[in-house]
Amino acid sequence: MPELPEVETIRRQLCTAGLKGRTIEKVTISWPRTVEPLSPAAFRKRVVGKTIERLSRHGKWLIFELDDIDNLLVHLRMTGGFSLSDGPLKKGPYDRAIFQLSGGMNLHFRDPRKFGRFRLATFPLGLGPDALEITARPFFQTLGKSNRMLKPLLLDQSFIAGVGNIYADEALFEARLHPERRAGSLNDDEKLALYMAVTHVIRSAVENGGTSLGNGQGNYVDLNGNFGGHREKVKVYGRAGQPCVECGAPLEKITLAQRTTVFCSQCQE
Ligand SMILES: [Zn+2]
């Protein structure tokens, strides 16, 4: 499932590919729920003729800034992704939407499991600071006054936007903190360790172009159809039962907030 590093990788690639300044000339929606609550016709009416002025991102939301009050916000959810083509339009089997842009460029939204969503709004609501930009102070303050367990707290997008299941597990391992620890029980050294771990894990995954874990149709691929290079760097996520890279003990798996959580009971307190 794409988290901040995967969305950021796609954003950077879309910028490099020259999306900025292009006008949306035509839109084809082949899975209407992608644009709910709008109908495909209403969605088309509001975006056709608009120009993409900038591509930004907050947390896991990709933001196509349009020359309009509203922007096109995209959440990739489980399996959403983009690819580009030029020349005559050729629809891929998992394409749920295609934007035909000025200059003959086609932007395909591919989404095998169909959970990805588009919104027309100025900005995604209810999000905390972006995980690439959060400063220590709000991070420490939230930890200090929260009695929640660390794993669900890190997944809470209103606390920090962009962290999902992979990077939450990785950050907790790097900080040597147990996923069930209560946030309010952390001392200052532990809070700092967690802050450093979250920012480091997210930054290094961005540098490596994100993480792809499987080989199926729904696996994350970047704009060019390539897997993310961070896969080899993942230390705990998806490795339950395998030896901890630090101490060799088998990694354990529990369910927290309905999400699988992998950790080392020897290294993480
Ligand atoms: Zn260990």
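These are my notebook entries on a predicted model of one chain.

**Ground rules**

I number residues from 1 along each chain as its sequence is written. As the model is predicted, local features need pLDDT of at least 70 and side-chain atom pairs count only at pLDDT 80 or more, while totals for chains, interfaces and linings use all residues.

**Entry 1: the whole chain**

I began with the overall size. The C-alpha atoms fill a box of roughly 55 × 35 × 30 Å along the principal axes. I then looked up the radius of gyration (taken over C-alpha atoms; the globule rule is 2.2 Å times the number of residues to the power 0.38). For 269 residues a compact globule would come out near 18 Å, and the chain has 20 Å, which agrees.

I found six helices and ten strands in the chain. Helices (H or I, at least four residues) and strands (E, at least two) are DSSP runs, numbered from the N terminus.

Next came burial. A residue is buried if 20 or more other C-beta atoms lie within 10 Å of its own, exposed if 12 or fewer, and partly exposed in between, with C-beta atoms placed from the backbone. By that count, 40% of the 269 residues are buried. I also checked contacts (C-beta atoms, placed from the backbone, within 7 Å). Of the contacts with a separation of 6 or more, 63% come from residues 24 or more positions apart.

**Entry 2: two domains**

I took the domain bounds from an automatic or database domain assignment. The assignment gives domain 1 (4-121) and domain 2 (136-263). Their C-alpha centres lie 28 Å apart. Where they touch, 21 residues of domain 1 are in contact with 20 residues of domain 2. On the domain 1 side, helix 1 (4-16) and strand 5 are the elements that give two or more residues. Helix 1 gives the most, with eight residues. I sorted the residues on that side into ten nonpolar, seven polar and four charged. For this sorting, Ala, Val, Leu, Ile, Met, Phe, Trp, Tyr, Cys and Pro count as nonpolar, Asp, Glu, Lys and Arg as charged, and the others, Gly among them, as polar.

**Entry 3: the sheets**

I call two strands paired if DSSP finds at least two bridges between them. One open, antiparallel sheet has four strands in the order 1-6-7-5. Its edges are strand 1 (24-29) and strand 5 (81-86), each pairing on one side only. Neighbouring strands of this sheet are turned by 20° against each other on average, direction ignored. For angles, I use axes that are lines fitted to C-alpha atoms, for helices over the stretch in contact, with values from 0 to 180 degrees between N-to-C directions. Inside the sheet, strand 6 (95-101) and strand 7 (105-110) pair over six bridges, and Asp 95 has Arg 110 as its bridge partner.

I found another open, antiparallel sheet of four strands, in the order 2-3-4-8. Strand 2 (52-58) and strand 8 are its edges. The twist averages 20° from one strand to the next. Strand 3 (61-66) and strand 4 (71-75) pair over four bridges, with Phe 64 opposite Leu 72. Helix 1 turns up again here: it lies across strand 2 and strand 3, at about 165° to strand 2.

I also looked at strand 9 (252-256) and strand 10 (259-263), which pair in the antiparallel sense over five bridges. Ile 254 has Thr 261 as its bridge partner. Two residues sit between these strands, and Ala 257 in this hairpin takes a positive phi near 50°.

**Entry 4: helix 5**

Is helix 5 buried or exposed? Ten of the ten residues of helix 5 (165-174) are buried, so it is largely enclosed by the rest of the structure. Among them are Ile 166, Tyr 167, Leu 172 and Phe 173, along with Asp 169 and Glu 170. The cover includes helix 4 (150-155), helix 6 (188-207) and strand 10.

Most residues other than glycine have a negative phi, and most peptide bonds are trans. I noted these cases:

- Arg 176 counts as partly exposed, with 15 C-beta neighbours inside 10 Å.
- Lys 114 has a positive phi of about 65° and sits in the loop between strand 7 and strand 8 (117-121).
- The peptide bond from Glu 36 to Pro 37 is cis, with omega near 5°. Pro 37 is in the loop between strand 1 and helix 2 (40-47).

How values were computed:
Two residues are in contact if their C-beta atoms, placed from the backbone, lie within 7 Å.
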